[in-house]
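Colleague: I'm new to this one. Could you walk me through how to read it?

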Amino acid sequence: MYTIQTNASGTRSMEISEVNLETIQRYSLFQHLIDSNGIVDEMVLDKLKLNIRSLIASAEGNCKDLLDLCIDVIYHNNMKAFGLHQLILLYIGWEKEQEEKAEATPEEA
């Protein structure tokens with residue numbers, strides 16, 4: 001379980017699970033999300049919400065993982081642009097850890 005700060009003053013935070021990060025990775029939710037200016041603002045959060053809604057609407061099978069991500073993280077009362085930026089930074093670090101683990105595993109065998 002990871003904790004991210006969701007406002008600049010540090011008075012609000014949110015718990016992010018490994019499953020949440022895996023869902024973000026599975027659906028490539030952060031890919032092409034941020035414009036070339038690199039700024040994460042409320043419009044980027046709205047874009048993410050719309051992308052997830054579209055994925056859920058077009059899903060033919062079970063999308064419980066996306067629904068859980070929405071309830072636990074994306075539509076959480078504390079999630080604002082600052083929190084999304086922190087979530088993206090957490091995801092980048094988590095993804096690097098996963099790559100390092102994958103690289104280390106073949107060397108041990």
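**Reading the fold**

Modeller: The chain has four helices and two strands, in the order β-β-α-α-α-α along the sequence. Helices (H or I, at least four residues) and strands (E, at least two) are DSSP runs, numbered from the N terminus. This is a predicted model, where local features need pLDDT of at least 70, side-chain atom pairs count only at pLDDT 80 or more, and totals for chains, interfaces and linings use all residues. Residues are numbered from 1 along each chain as its sequence is written, and side-chain values use heavy atoms, leaving out hydrogens and water.

Colleague: Which residues touch the most other members of the largest nonpolar core?

Modeller: In soluble globular proteins, nonpolar side chains tend to be buried together. A nonpolar core is a set of buried Ala, Val, Leu, Ile, Met, Phe, Trp, Tyr and Cys residues joined through side-chain atoms within 4.5 Å. Buried means under 20% relative accessible area (1.4 Å probe, protein chains only). Here the largest core has 26 residues, and F30, L84 and L87 touch the most other members. Helix α4 (81–108) is the biggest giver, with six residues.

Colleague: What is L87 in contact with, leaving aside its neighbours within four places in sequence?

Modeller: Contact means heavy atoms within 4.5 Å. For L87 the partners are I4, I16, L21, I24, F30, V73 and M79.

Colleague: And how much of the chain is buried?

Modeller: Buried residues are 33% of the 109 in the chain.

Technical notes
Buried < 20%, exposed > 50% of the residue type's maximum accessible area, 1.4 Å probe, protein only.
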